Amino acid sequence: YQRRVHGDLRGFLTSKSSTMWHLPRALALLLSMSAQAVVINVAVTWTAISAEVNTIPTYQIVANPELRRGRRMHNSSFEAAAMLNATLVRYVPWYPYPALAVAELSPPTNHSTSWNFTVIDPLMEDVMDAVTNGGKKDKKALINFSTTPGWMWEGGWVLNASTIDPDARNSGNPGVALRDPSAKELADYYARLISWYTRGGFTDEVGIWHPSPHHYPITYWEILNEPQYEHGVHPELYTAIYDAVVKAVRQVVPGMTFVGGALGSLDHTWASFFLNSSNHDPAALPLDWFSFHYYCGVPSTSNATDFENYFGQADGVLVDIAKMMDLKAILAPHVKTDMNEVGAIQNIPGWQIPDLYWNAANAFYTYMFAKVGLLGVNAIGCSTLAGYPAIDGFSAEFPTVSMMDWNQPRPTARLWGLKLLIDTFGSDLESAPYVAHPTAIDSTDVYAQAYSQTPSGRVVLLINKKVDARLVNVPGASGHRLRWVDGVTSYGPPGTAVASGDLIALNPFGVAIVFMD
């Protein structure tokens with residue numbers, strides 16, 4: 001049911017955070033609502049269980065020119081990555097920047113090869129330093145050198161490492177058939193690449209040893225990225241490539257965990273072929289992980305209410321995800337799932353992105369985190385650490401999926417929202433599952449989900465799906481800590497307060513967590 005509030009807002013907050021200077025704005029907003037605001041009521045059944053959840057929040061880093069050393073976004077982005085302290089962080093050098101992604105740009109001759117890590121290594125080193133402290137802390141990176149050497153494909157490009165501009169954006173990656181149909185040539189390339197980063201070097205095709213300074217404890221490797229789009233790879237060819245790479249890499253790192261799929265969009269036919277172990281070489285089994293992506297987007301962003309449509313789109317794809325998880329449960333119940341690219345891709349005129357957009361995109365990701373957790377997905381990756389419009393002479397790189405603001409640069413609400421989830425739910429692949437409890441709410445404007453046995457104890461997650469503020473009644477919230485990300489915290493860290501009552505104010509597209517223990 002719904003009820004209206006009159007008089008004072010008994011659930012308003014007493015701030016204990018460094019962001020308390022924002023509170024007069026929030027108080028003015030709430031007081032303007034006090035006479036007419038509809039209170040949305042949450043009811044949690046703590047004695048019942050909806051699901052056991054073992055979903056970690058994480059993110060991806062995509063190689064691009066602005067992340068190179070000395071560039072505008074480099075320092076702040078990697079400082080933010082280290083601060084997030086996430087695990088299973090996905091690093092993807094990919095085809096738009098072949099010099100940053102491919103270590104052998106031209107084919108070997110009878111006497112020499114083109115192996116060159118001069119441009120590739122600094123970014124890889126910075127990722128590993130930020131994510132794993134150079135391999136010294138118990139956080140795992142998911143590495144995906146997704147782009148294969150073009151010359152391995154019939155009609156593919158052949159490039160020269162000494163003349164290619166590493167900052168110039170490549171327009172495509174042609175070729176639909178491997179010149180070696182067995183995929184052994186491609187698998188050997190990846191075995192050497194991984195040996196460079198984990199075993200201190202490798203022997204190339206003509207017998208020359210290439211020494212490396214690296215001995216990273218890389219234990220997660222993903223094979224290709226959105227293969228339906230890059231080279232138009234069909235599931236049969238992808239499965240053959242996957243098997244060949246797995247067998248070759250296991251000779252270098254016997255305990256490597258592999259992630260397969262990386263589907264750009266959910267395709268049940270694709271998934272059903274790959275997840276069926278009878279379609280694989282037995283030597284490449286068992287399968288470990290399966291991954292896929294999803295980006296929302298609306299045709300118009302002329303009005304902030306357009307961003308509300310993200311949640312309807314999410315509900316639509318969640319139906320497909322549920323079907324895919326049912327399929328996996330039949331074909332490969334032991335396989336874990338990683339939805340490792342999630343974001344909103346928008347075309348905003350002039351890239352004058354309103355601050356509220358970052359909150360809407362954060363609310364969308366948080367909503368997906370909560371919903372796919374109930375479906376059994378094991379990890380969900382916010383995409384991506386650093387994107388930008390055309391700046392500093394570089395081509396645009398998906399500005400609206402960035403977690404960093406390129407102007408300052410500084411973290412946006414998307415990154416701070418991810419930080420809030422990591423702080424609350426942890427980012428440990430080995431942790432015990434936490435418990436979701438039945439959570440009723442009498443309005444679709446707000447999403448609520450209660451959990452227990454998280455690293456933070458009992459919590460209630462609240463997400464405002466609307467461009468207007470909402471008031472939510474959470475029984476038992478009074479006297480407990482509250483953290484939130486919204487337009488008030490903006491580019492700053494999550495706000496922190498103690499609730500003086502059960503009413504919680506959610507600003508437009510605000511995300512809040514009530515800590516009930």
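What is the relative accessible area of Ile-164, and does that put it among the buried residues or the partly exposed ones?

Author: Happy to! Before the answer, a word on what you're looking at: this is a predicted model, in which local features need pLDDT of at least 70 and side-chain atom pairs count only at pLDDT 80 or more, while totals for chains, interfaces and linings use all residues. Residues are numbered from 1 along each chain as its sequence is written, and side-chain values use heavy atoms, with hydrogens and water left out.

Now, your residue. Ile-164 has a relative accessible area of 21%, so it counts as partly exposed. Here's the scale: buried means under 20% relative accessible area, exposed means over 50%, and partly exposed is in between (1.4 Å probe, protein chains only). You'll find Ile-164 in the loop between strand S7 (141–143) and helix H5 (184–198). Those labels come from DSSP runs: helices are H or I with at least four residues, strands are E with at least two, and the numbering starts at the N terminus.

Who does this residue meet? Leaving out residues up to four places away in sequence, Ile-164 touches Pro-98, Ala-99, Leu-105 and Leu-159; contact here means heavy atoms within 4.5 Å. Tyr-97 is 67 residues from Ile-164 in sequence, with a C-alpha to C-alpha separation of 9.8 Å in space.

His-334 is 253 residues from Ala-81 in sequence, and their C-alpha atoms are 30 Å apart.

Next, the cysteines. A disulfide is a pair of cysteine sulfur atoms within 2.5 Å, and by that rule this model has 0 disulfides. Cys-296 counts as buried at 3% relative accessibility, and Cys-382 is buried with a relative accessible area of 1%.

Let's move on to helices. Two packed helices are described by the angle between their axes and the distance between the axes. The axes are lines fitted to C-alpha atoms, for helices over the stretch in contact, and the angles run from 0 to 180 degrees between N-to-C directions.

Take helix H7 (residues 268–275) and helix H8 (residues 309–331): their axes come within 10 Å and cross at roughly 20°. That makes H7 roughly parallel to H8. Angles under 35 degrees count as roughly parallel, over 145 as roughly antiparallel, 65 to 115 as roughly perpendicular, and the rest as oblique. The H7 and H8 crossing is right-handed; a crossing is left-handed if the near helix is turned anticlockwise from the far one by less than a right angle, and right-handed if clockwise. From H7, the residues in contact are His-268, Ala-271, Ser-272 and Leu-275, and they meet Asp-320, Lys-323, Met-324, Leu-327, Lys-328 and Leu-331 in H8. This contact of H7 with H8 has 5 nonpolar, 2 polar and 3 charged residues. In that sorting, Ala, Val, Leu, Ile, Met, Phe, Trp, Tyr, Cys and Pro are nonpolar, Asp, Glu, Lys and Arg are charged, and the others, Gly among them, are polar.

Then there's helix H9 (residues 355–375) with helix H10 (residues 413–425), packed at about 30° with axes 8 Å apart. H9 is therefore roughly parallel to H10, and they cross in the right-handed sense. Residues in the contact include Trp-358, Tyr-365 and Phe-369 of H9, along with Arg-414, Leu-418 and Phe-425 of H10. By class, the contact of H9 with H10 has 8 nonpolar, 4 polar and 1 charged residues.

Most residues other than glycine have a negative phi, and most peptide bonds are trans. Even so, a cis peptide bond joins Leu-285 and Pro-286, with omega about 0°. Another cis bond links Ser-383 and Thr-384, with omega about -5°. As for phi, Asn-85 has a positive value near 55°, and this residue is partly exposed at 34% relative accessibility. Gln-453, in strand S19 (residues 446–454), has a positive phi near 60° and counts as exposed at 58%.
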